[in-house]
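Okay, thanks for having me, everyone. Let me put this one up on the screen and we'll walk through it together.

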Amino acid sequence: MLVAAAMLLFGALISYKLFQIQWVEKGQLEQSALSDNRKLEPIEAKRGSIYSADGALLATSVSSYTVHFDPTVARESLFEAHVGALTDSLAQLLAVDARELEKRLRKARKNKDRYVRIASNLDYGSYKRLENFPIFDAGRGKGGIIVDSKISRKKPLDPLASRLVGYYLDEGTRTYKVGLEGGFNDHVLQGDNGLREVQRIQKGLWKPVGLENVKEPKDGYDLVTTLNSNIQDITHSTLNQVLRKYRAARGLAVVMDVKTGAVRAMSNLTMNADSTYSESYNAAIGDLYEPGSTFKLMSLIAALEDKKVDTSTTFHAKYGQYKVYDKYIYDSRRGGYGPINLSTAFAVSSNTAFAEMINEGYKETPQAFVNRLYSMKLHEPLGLPIEGEQAPLIRYPGEKGWSGLSLAWMSHGYELLMTPLQVLAFYNAIANDGRYIKPQFVSEVRRGERVIRRFDTEVIHPAIASSKTITIAQQLLAEVVEKPYGTAHKLYDKHFPIAGKTGTAQVNYQLGKDKVDYVSSFAGYFPADNPRYSCIVVVYRPDKNDKIYGADVAGPVFKSIAQKIYATTPFVDAVRLDTQLTQAEEQVELKPLIQVTPIVSDQLTQANAPSLK
Amino acid sequence: MSEDAARNWRFILYVFSLFVVMIYAAHSADQKVVRIDQLNKELQGLRNEHIEGRRAVQQSRLESSMRQTLEVRGLKPSANPPVKIIVE
């Protein structure tokens with residue numbers, strides 16, 4: 001009887017508990033079971049890689065490894081026998097002191113510290129080496145090595161074009177979008193993470209549940225840029241050399257393909273605290289500066305188009321100074337040049353001649369000058385796919401900052417602001433016979449071999465000036481280098497003709513004569529007779545006690561880049577072999593007929609081909 | 001009753017073998033997951049190795065690195081372009 005009652009009670013208790021678990025605590029328990037044992041895991045999408053036009057890898061995702069050590073795992077015998085060898089190997093790999101490290105590990109082992117950091121952000125090669133070190137090679141269970149990997153971005157050609165390639169950083173509160181990584185992040189490089197349900201099967205190991213993913217990941221697309229790794233290399237090392245020589249604060253160089261606008265190289269080097277240079281800021285795109293004499297090309301085009309001057313016009317500024325109201329504009333040569341014509345004025349870069357040209361020509365209707373500049377789109381930003389481009393500043397008469405002196409100052413590149421890339425784009429337009437095209441950084445979006453999207457040349461203005469004006473401008477740009485009195489004559493090379501304009505602009509002139517610094521630049525294109533590449537070089541604040549002129553500092557960088565491109569572009573000769581057979585002779589006579597027919601227009605200058613000896 | 005007993009034992013054996021199959025299947029699936037994980041890590045490793053190698057090749061074929069290496073041997077970059085001859 002008692003037994004039956006006891007069993008009944010027992011049964012009732014069990015039922016009650018069952019009821020509780022099944023119905024009452026159901027919600028809570030389900031939750032904790034799900035959260036402990038199952039979860040929704042994101043499937044990381046692979047970020048797209050960035051390539052140069054010639055196939056070099058510019059940016060890609062790699063694993064970086066962080067290694068910790070649990071010194072308590074290894075058995076006494078194993079530890080004692082090998083800890084010395086381990087620390088020796090680690091010391092060599094990580095450049096740390098072996099004995100210090102050994103002391104640290106022993107101390108950690110004694111104190112039961114189970115998580116000693118050994119190295120972080122190791123590349124794969126170093127990690128593999130480390131895996132084979134004594135004690136570590138016994139694995140996690142017997143040796144105590146703990147490895148974590150995470151995906152990080154790597155630039156194999158660093159520091160080449162490093163700032164242009166850029167980076168994308170999402171810190172939750174802020175995102176940093178720099179360069180191409182930033183500009184093409186959304187919808188291109190960054191993929192879409194997927195989702196799947198997983199179940200825990202071992203500590204730290206989860207297994208996917210179900211046949212399909214909750215959401216499929218979509219990997220990012222790859223980007224093919226217009227950069228050429230060889231031209232970039234040449235540009236970077238030449239620029240670096242010159243910047244170090246003149247201890248300049250900053251320098252940049254950009255090389256563009258004239259016909260397509262493709263940017264083949266972009267180098268931006270800024271001086272660090274320790275006097276080395278790194279790609280820390282994209283000044284080519286983001287820095288507004290007073291272009292100085294390189295703007296004389298723009299003034300020239302405006303004055304020619306508006307028929308204010310022609311090639312026969314003479315300028316008479318006396319003693320190398322031109323007066324506007326109560327202020328003077330000076331030539332860089334003391335005493336000036338005497339009466340000179342238009343082409344000479346451009347070749348010697350006479351400030352007074354240009355001040356006279358624009359001031360006399362437009363003082364009745366100054367808005368005509370600015371309107372002409374606006375018609376050539378000089379006041380508009382280029383509209384680049386990268387963040388950070390600044391809009392140019394070209395004031396309109398009557399605007400705040402405009403004065404009776406403005407025409408004279410603007411004529412030779414002061415009182416207005418442009419970025420170096422904007423200046424280059426204009427020079428490229430002249431090289432391109434008046435067709436103003438947009439600088440292009442990316443040519444294709446791809447997934448593997450498949451081209452998803454192609455980017456074509458974008459035209460900003462089909463013809464910025466009449467062909468007559470363009471032809472005159474091209475001639476004058478060539479004479480800057482050709483003519484012995486041209487400011488860039490020292491850049492002259494009979495093997496290949498270059499055309500361009502020097503610039504030596506003053507900065508900080510408002511702070512007084514001793515605080516003045518210079519920005520030395522050269523913008524132009526080559527070969528002058530059949531333009532293939534346009535290029536701008538700007539060097540900020542070279543050593544004042546050394547050289548400062550555009551021709552001396554920036555020009556040689558330009559020439560060096562042009563020379564190296566010339567020297568590495570093969571001259572192609574195609575030879576056609578025609579044979580004629582004649583009959584009835586014992587020996588068949590072959591009469592070869594050799595014709596030299598240049599088939600490919602790869603060569604830079606036909607006329608200047610090196611001779612075969 | 002031995003008939004029933006034999007049938008019961010056969011049934012128990014049947015259920016038991018089902019259990020074994022089920023356990024084996026689940027274990028096999030788990031093992032596959034571990035193997036996939038292993039292979040993924042290996043793949044990642046190989047890819048990293050490839051990128052390291054590619055980086056080395058890209059760096060060494062640059063004009064600036066070649067110039068440095070060959071300067072020791074007294075070689076300098078040419079001032080004139082090479083001539084490519086195509087014979088058809």
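This is a predicted model: local features need pLDDT of at least 70, side-chain atom pairs count only at pLDDT 80 or more; totals for chains, interfaces and linings use all residues.

**Overall layout of chain A**

How is chain A divided up? In terms of secondary structure, we've got 19 helices and 26 strands in chain A.

Now the overall dimensions. For 613 residues, a compact globule would have a radius of gyration near 25 Å, but chain A comes out at 35 Å. Along the principal axes, the C-alpha atoms of chain A fill a box of roughly 135 × 95 × 55 Å. As for burial, 41% of the 613 residues in chain A count as buried. And if you take the contacts in chain A between residues at least 6 apart in sequence, 69% of them join residues at least 24 apart.

**Zooming in on one strand**

Okay, let's look at β12 of chain A, residues 263-271. Is this strand mostly covered or mostly open? Mostly covered: seven of the nine residues in β12(A) are buried.

Who does β12(A) pair with? On one side of the sequence there's β11(A), residues 250-257, which pairs with β12(A) in the antiparallel sense over seven bridges. If you want a pair to click on, A:L252 has A:N268 in β12(A) as its bridge partner. The hairpin of β11(A) and β12(A) has five residues between the strands, and A:G261 takes a positive phi there, near 85°.

Then there's β13(A), residues 277-278, also antiparallel to β12(A), over two bridges. Here the pair to click on is A:T270 with its bridge partner A:S278 in β13(A). The hairpin of β12(A) and β13(A) again has five residues between the strands, and in this one A:S275 has the positive phi, near 70°.

**Where chain B comes in**

Last bit. How many residues of chain B are in contact with chain A? It's 27, and they meet 33 residues of chain A. On the chain B side, α1 (2-60), α2 (63-71) and β1 (83-87) each supply at least two residues. The largest share is from α1(B), with 12 residues. By class, that side of chain B has 12 nonpolar, seven polar and eight charged residues.

That's what I had, thanks.

Technical notes: Residues are numbered from 1 along each chain as its sequence is written. Chains are lettered from A and ligands numbered from 1 in the order in which they are written. Helices (H or I, at least four residues) and strands (E, at least two) are DSSP runs, numbered from the N terminus. The radius of gyration is taken over C-alpha atoms; the globule rule is 2.2 Å times the number of residues to the power 0.38. A residue is buried if 20 or more other C-beta atoms lie within 10 Å of its own, exposed if 12 or fewer, and partly exposed in between; C-beta atoms are placed from the backbone. Two residues are in contact if their C-beta atoms, placed from the backbone, lie within 7 Å. Two strands pair if DSSP finds at least two bridges between them. Ala, Val, Leu, Ile, Met, Phe, Trp, Tyr, Cys and Pro count as nonpolar, Asp, Glu, Lys and Arg as charged, and the others, Gly among them, as polar.
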